[in-house]
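Notebook open, model on screen. I'll jot down what I look up as I go.

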Protein chains: 2
Amino acid sequence: MTHPGTAPARRRPGIPDATVARLPLYLRALHALADEGVTRVSSDELAARVGSAGSPAKVRKDLSCLGSYGTRGVGYDVEQLVASISAELGLARRWPVVIVGVGNLGHALAGYGGFASRGFAIAALFDADPARLGEVVGGLPVRPMADLPVVVGEQGGAIGVIATPAEAAQDVCDELVAAGVRSILNFAPTGLQVPDGVDVRKVDLAVELQILSFHEHRKAARQVVPA
Amino acid sequence: MTHPGTAPARRRPGIPDATVARLPLYLRALHALADEGVTRVSSDELAARVGSAGSPAKVRKDLSCLGSYGTRGVGYDVEQLVASISAELGLARRWPVVIVGVGNLGHALAGYGGFASRGFAIAALFDADPARLGEVVGGLPVRPMADLPVVVGEQGGAIGVIATPAEAAQDVCDELVAAGVRSILNFAPTGLQVPDGVDVRKVDLAVELQILSFHEHRKAARQVVPA
DNA sequence: GCGACTTTGTGCGCGCGTTCACAAGCGCGT
DNA sequence: ACGCGCTTGTGAACGCGCGCACAAAGTCGC
């Protein structure tokens with residue numbers, strides 16, 4: 001099979017995005033299993049653990065995709081799989097995270113213990129509001145935006161988290177990019193424009209609720225007019 | 001569909017999930033446009049507004065999918081489109097939301113103004129910790145879990161939000177389902193088992209960071225070993 | 001009033017992801 | 001030692017969603 005018409009300039013190392021999105025779920029389930037003292041797991045069991053997002057076949061294909069070995073007739077070694085997935089996700093290194101915007105959500109994120117236990121360290125908190133500067137949240141002081149390039153430089157890169165109102169998000173995003181941040185998690189309810197080479201993932205609570213609302217709406221309509 | 005004139009394109013129950021997931025983004029952008037006083041918008045412009053998640057063709061196909069009319073040579077009427085999408089998402093009704101777990105994240109959610117302005121009303125807050133009961137957060141008192149069926153009954157259904165630690169999530173989920181909740185937004189870092197007819201959407205901050213970590217990792221690797 | 005430009009609506013082909021089904025491999029009991 | 005059952009790994013088909021490209025349609029300029 002030769003490559004079709006398109007120029008093969010960008011060769012992918014072969015991990016589909018859909019698989020990448022599931023690896024963290026597997027990792028989560030595997031950590032839970034390890035805590036329970038389980039040392040081996042089958043694709044069937046792992047799929048059940050991750051819930052609706054996993055089928056046994058998907059699990060096997062995903063895992064085979066990253067070259068990790070299972071043992072036929074037995075299953076996968078939990079510890080080895082954790083190591084393999086962690087390596088693939090780049091979690092050997094503990095990534096520094098900078099949070100911009102110390103409002104309601106920023107406070108919650110700064111105080112969230114889940115980051116530290118999953119391979120991330122909150123490096124600093126920033127806010128544009130001078131009244132907030134110096135305030136200590138989750139053990140870290142709130143710093144001015146001007147410090148951002150310094151912190152990112154010190155850490156040798158970082159993941160940026162935007163927890164500001166929508167109006168400020170694009171400006172903050174630009175500052176993050178200018179400071180050298182190439183991966184951004186955006187909680188502000190707005191789309192962001194970024195140059196090539198910068199990844200943005202967005203989490204919008206209202207959007208999630210609206211998607212649920214759609215299905216709820218449909219379910220209600222179906223009750224009134226049954227098939 | 002060769003009939004010209006006022007032939008109504010009946011929207012069939014077949015709206016792709018991918019489209020449903022984008023409708024809230026369009027709605028968000030349209031509200032912003034309306035606030036700016038814009039009354040008409042082209043698929044091109046709307047696509048640009050939603051950022052990387054939208055191409056003009058996708059916008060057109062999505063909108064045509066829900067039967068809303070644009071005017072050829074002009075574009076779409078912003079107000080009409082807002083009404084159409086809102087109706088399709090079931091936002092004519094203001095959905096009640098119950099939040100379970102008033103920790104860091106629960107506090108932030110209770111205080112988040114974005115819900116009220118996007119078609120949702122926080123109906124009540126719950127927590128299993130007796131020490132928290134009665135505490136007022138975001139204008140609402142924290143109530144015991146035992147009140148959950150009462151509240152859901154009063155509201156005639158509700159969307160449940162789980163903001164508890166992972167260990168409690170499945171139990172809370174079961175209680176929500178037992179109380180009649182059929183749509184759940186889960187912030188706890190764990191998979192949930194639910195019966196048929198119940199929708200769960202999950203938001204895991206650490207998972208999002210790990211996906212970013214993967215790409216960051218890959219970008220770093222590409223610098224060392226360029227193509 | 002008419003032509004030309006703009007923008008929607010959509011049919012088609014393609015590529016990705018999911019699922020099915022089965023062969024290969026490994027351990028275990030006998 | 002040998003077959004039996006369990007589980008992985010994977011090839012192939014299916015289906016969905018995306019982008020392209022063009023026809024229909026409506027507006028604006030002259």
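This is a predicted model: local features need pLDDT of at least 70, side-chain atom pairs count only at pLDDT 80 or more; totals for chains, interfaces and linings use all residues.

Residues are numbered from 1 along each chain as its sequence is written, while chains are lettered from A and ligands numbered from 1 in the order in which they are written.

Next I looked up the elements by DNA strand C. Helix 3 of chain B gives the most to that surface, with 5 residues. (Helices are DSSP runs of H or I, at least four residues; strands are runs of E, at least two; both are numbered from the N terminus.)

Then I turned to the contact between the chains. It takes 52 residues from chain A and 52 residues from chain B; two residues are in contact if their C-beta atoms, placed from the backbone, lie within 7 Å. On the chain A side, helix 8 of chain A gives the most, with 14 residues.

Last, I checked helix 5 of chain A. I see that 6 of its 8 residues are buried, meaning that 20 or more other C-beta atoms, placed from the backbone, lie within 10 Å of their own. A:Leu105 and A:His107 are among them. The buried residues of this helix pack against several elements, including strand 3 of chain A and helix 5 of chain B.

Conventions
A residue is buried if 20 or more other C-beta atoms lie within 10 Å of its own, exposed if 12 or fewer, and partly exposed in between; C-beta atoms are placed from the backbone.
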